[in-house]
Amino acid sequence: MTAASPLRRWAVAHLQALGLSFLLALVAAVVFWFFALSVPGRRRVAIREWRRDLSVIADARRDFLDRRISSDLANASFVATFPSIRALVSSAPHESSGEESVPYINAILSDFRNVYGEHSISICDVAGAVLVSSDGPSPGADAVALAREAANTGKLRVDLVREPDGFIGFVVAAPVRESLQNAETGGAVLVVGNAEEEVFDLLRQPFTAETGEAVLVRRDGDSALYLSPLRLRPDAPLTFRRSLNVPGFTARGALEGDLFGSFVDYRGAKVFAAVRKLKLAPWGLVVKVDEDEALAVFREDVLRRGLTWGGLLLALIAAAFGLWRALVASHEVALTRGEARFGALVEQTTDAIFLVGNDGRVLRANRAAELMYGWTRDELLSMHAADVRASGTRDALRHDMEIAAVRGNLLVETRHRRADGSEFPVEVNIGRVKVGDETVFLSIVRDITDRKRAAEDLAKSEIYFRSLIENSLDVTAVLDPDGCVRYASPSVERIFGYKPEEFAGRSVFKLIHQEDRANAEVKFHRVFTEETPFEDLEFRIRHRDGSWRIHSAVGKLLPKETGLRGLILNVRDLTESKQLESQLRQAQKMEAVGRLAGGVAHDFNNLLTVIQGYAELLGASLANDPERRESVVEIVKAAERAAALTRQLLAFSRRQVLEMRVLDLGAVVADTEKMLRRLIGEDVEVVVVKPATLGRVKADPGQLEQVLVNLAVNSRDAMPGGGRLTLELADVTLDAPFTTSHDSIPPGRYVVVAVRDTGSGMDAETLGHLFEPFFTTKEKGKGTGLGLATVFGIVKQSGGYVDVASAPGAGTTFRVYLPRTDARTTSGARPPVFSLSGWETVLLVEDEAAVRNLVRAVLERKGYVVLVAPDGAVALDLVDKHTGVIHVLLTDIVMPGMSGRDLAAAVRARRPSIKVIFMSGYTADVPTDLGTEGGPVFLPKPFNEYALTSKLREVLDTPGPERSPTRS
């Protein structure tokens, strides 16, 4: 017994040493594992997750930006192909064809700007001068410089610039080739869009990080220029720069290529960033988040795990130490220390822990409970468990305790309240434990506010991106490798006529036109086999109503991160834009034909004036020779028929002078009705439908009569066996643009006259050429093909529009839309002419010698004194040298050196009381107020002796602003 005691003491002492050594080794191993393996590994995982998230965001936003830039470049390049724009940039400054097209191009650019919502669109030459621009603000110097660069290099250009009014413009410039055969550039199309709507709105799309930010940068010498608004600096876009020589600078990485890593941002703060270089613009995209925020969760997790594992380790050491102490201590001491160790473990945990009695009273609470709820421990021990629950959830406590008692444990999500009354979401784990002889509830409470917020942010982000797709005007669809639709956005119903649920499961290839299907299948399968995306793939798809519509598609594979194999397809309807393009080509063709017709009429009218005038003079000299006089009369009649033909050409080309008056269109129709009944014959019934009240229009009454007659004759020829011709008048208000087969009618108030027949009708091919000059379906010798071309020219020159509806066997309806006016009607009456002779002095200015000699001969026969000049310079010299009164200036408008209008202004400056008569056979350059009531007097060529002398007497006999001098 005595020998055994030392042995026992030795064993106990060495076991304690061995146990202590084991615990120290265990602590060292755990610490090494935690700091050398676990912490770095978790840090790499956290960084890898941010790399994935930031890279996905950067790729998505770069793709959106490139697609938006590509779309705007395509629009600018499309405008650059317009023949009228090519003609404008290739025209020399002295050529009139380029100047004449400016209003026309201006209208096209304004329509383009309004349709696409651009800030401005302009056409610039190679020097950067703006040749023509749409309505809206003019482009600034930086934007014009980009256009000049595109014109000189022949390459597309895109950038962000600050306009003079502070507006940030998203600018694209496309070079304009002088012609299809000549590759040399003559200018550029400059489109200035709204960077706020087209670029910055995409960059500001939120993601979950509070310090997250997406910015655009561009190299500016040795510095990086920030193009977009900055969240963390007040600088405006395009104003803040920072040197690229800073090591690890994010902007430098963005300008070098696609990267991800740890960088230093413009504040000098450490960030994780995914940087991308845009494909179509000299910009870099930076998507970043502060390193402190990115690693905050990791650090909190490390701290929490360190505390937890440290607590557990300490507890394990304490437990082991207590175990060895149990070899030398009593059972009561070991039990007491065990309770202390458990209490230390409970106190060190970050979750709130409660012991709750069967009656719901709080028996114990740890330190974390005090911190979480804001009550002291004594206050918590005096409370009922229901007191920490939020209002509306307290009654569920008893039910939860009953279920936990039956199952042994229960995990629930609910809401608790703090001492200050605020509520927060929690996760509660309720279990049954035995304490001494009593079984109570152990409640472990975890604050899940951050988890809930993260889930809500994720849901909001999903809703945001879903709303982008579902509210897009284009169709977004997901196709499987067989071409069947897995998903289609709601816009599929507007574009294709199918509801999304009807469209899903269909094969898109069965809807594509047979002629386009093979190309679409090749491009589609190439995406899966070669992972090559396609862009601007055009094809026709059958609408649900059976019609074929033209679409453009962009397709690429779903990201591998989705775990799905499929293709994202973005489809845009191009049908209306293609129709507008066709209408534009038709308008350009009609414009070219009209310019040719007007030019021919100009020269021909001078010849007809000479032929007709000298024939009349010759006829007057042959009064005693009836046989020869009859031959001269036939010459005069032929000249008059030729003059009528040139008037039709001028009407079609919209280069005739109209005597514009405010009219009651119903009165014009009533005056024309009797003539129409005689003209079209008794086998055609004429019906006129007119409302009690009708708006007024501003037009030339004689030309409107010509429109009605030509339409009536066209209808009569379509009803050889008789029928009904209906003329219907009405006031119409258009709230939205109305597109017809030949025109696009803008919103506004109109007076409409519809001419409807019950004839044979026309097919689509005939309708396409209906208003072209010399186009006719009649037999040779039975029509010139100028009737409807004249109608079109008169209506367009009057500011109106024409719509035609027809089908074979269903008759034809022409609708003429004339703008309604609130002005009072005007008479436009001219004073009567009682004599064709005179004594006054006439200054005749005409560059065509034959016309000049003819007019001089006619006027001198009628008693006038005639001063003759071949051009403006000679005329002004005569005015200065002539000492007597010059009563009237009779001048041609289009003359070399000085135009008739400039000459009239110079003569009136010298002789204010002189009266002026303009004459011309071509009115492209005639002042717009000629022929209007109260405006200057115009004498159109060709004219006969009576027209010349009566117009002269009409002007001389009309009182002027000053008293005319009397004959001496």
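Guide: Start with the naming. Helices and strands are DSSP runs, numbered from the N terminus. The model is predicted.

Visitor: In which helix does Arg62 lie?

Guide: Arg62 belongs to helix H1, residues 4-80.

Visitor: Is Arg62 buried or exposed?

Guide: Buried means under 20% relative accessible area. Arg62 has 11%, so it counts as buried.

Visitor: What does Arg62 touch, leaving out residues up to four places away in sequence?

Guide: Its contacts are Asp258, Arg276, Lys277, Leu278 and Leu285. With Asp258 there is a polar contact between the side chains, at 2.8 Å.

Visitor: Now a loop residue. Where is Phe167 placed?

Guide: Phe167 sits in the loop between strand E3 (157-162) and strand E4 (168-177). Its relative accessible area is 17%, so Phe167 is buried.

Visitor: Which residues does Phe167 touch, again beyond four places in sequence?

Guide: Phe167 contacts His119, Val161, Arg162, Val192, Gly193 and Asn194. Take Gly193: 26 residues separate it from Phe167 in sequence, and the C-alpha to C-alpha distance is 9.9 Å.

Visitor: On to helix pairs. How are two packed helices described?

Guide: By the angle between their axes and the distance between the axes. Here, take H24 (residues 872-881) and H25 (residues 900-910). Their angle is about 10°, and the axes lie 10 Å apart.

Visitor: What orientation do H24 and H25 have to each other?

Guide: Angles under 35 degrees count as roughly parallel. H24 and H25 are therefore roughly parallel to each other.

Visitor: Which residues of H24 and H25 meet?

Guide: H24 supplies Gly872, Ala875, Leu876, Val879 and Asp880. H25 supplies Leu903, Ala906, Val907 and Arg910. This contact of H24 with H25 comprises 6 nonpolar, 1 polar and 2 charged residues.

Visitor: Which residues of H24 are buried?

Guide: Gly872, Ala875, Leu876 and Val879. Viewed down the axis of H24, these buried residues fall within an arc of 95°, so they line one face of the helix. On the other side of H24, Ala873 and Lys881 are exposed.

Visitor: What do the buried residues of H24 pack against?

Guide: Strand E31 (841-845), strand E32 (865-869) and H25.

Visitor: And what happens at the start of H24?

Guide: Look at Asp871 there. One of its side-chain oxygens comes to within 3.3 Å of the backbone nitrogen of Ala873.

Definitions and conventions. Residues numbered from 1 in each chain as written. Predicted model: local features only at pLDDT ≥ 70, side-chain atom pairs only at ≥ 80, totals over all residues. Heavy atoms only, no water. Axes fitted to C-alpha atoms, helices over the stretch in contact; angles between N-to-C directions. Helix = DSSP H or I, 4+ residues; strand = E, 2+ residues; numbered from the N terminus. Parallel < 35°, antiparallel > 145°, perpendicular 65-115°, else oblique. Contact = heavy atoms within 4.5 Å. Nonpolar A, V, L, I, M, F, W, Y, C, P; charged D, E, K, R; others polar. Buried < 20%, exposed > 50% of the residue type's maximum accessible area, 1.4 Å probe, protein only. Arc of directions from axis to C-beta. Polar contact = N/O pair within 3.5 Å; in protein donor to acceptor, adjacent residues only side chain to side chain.
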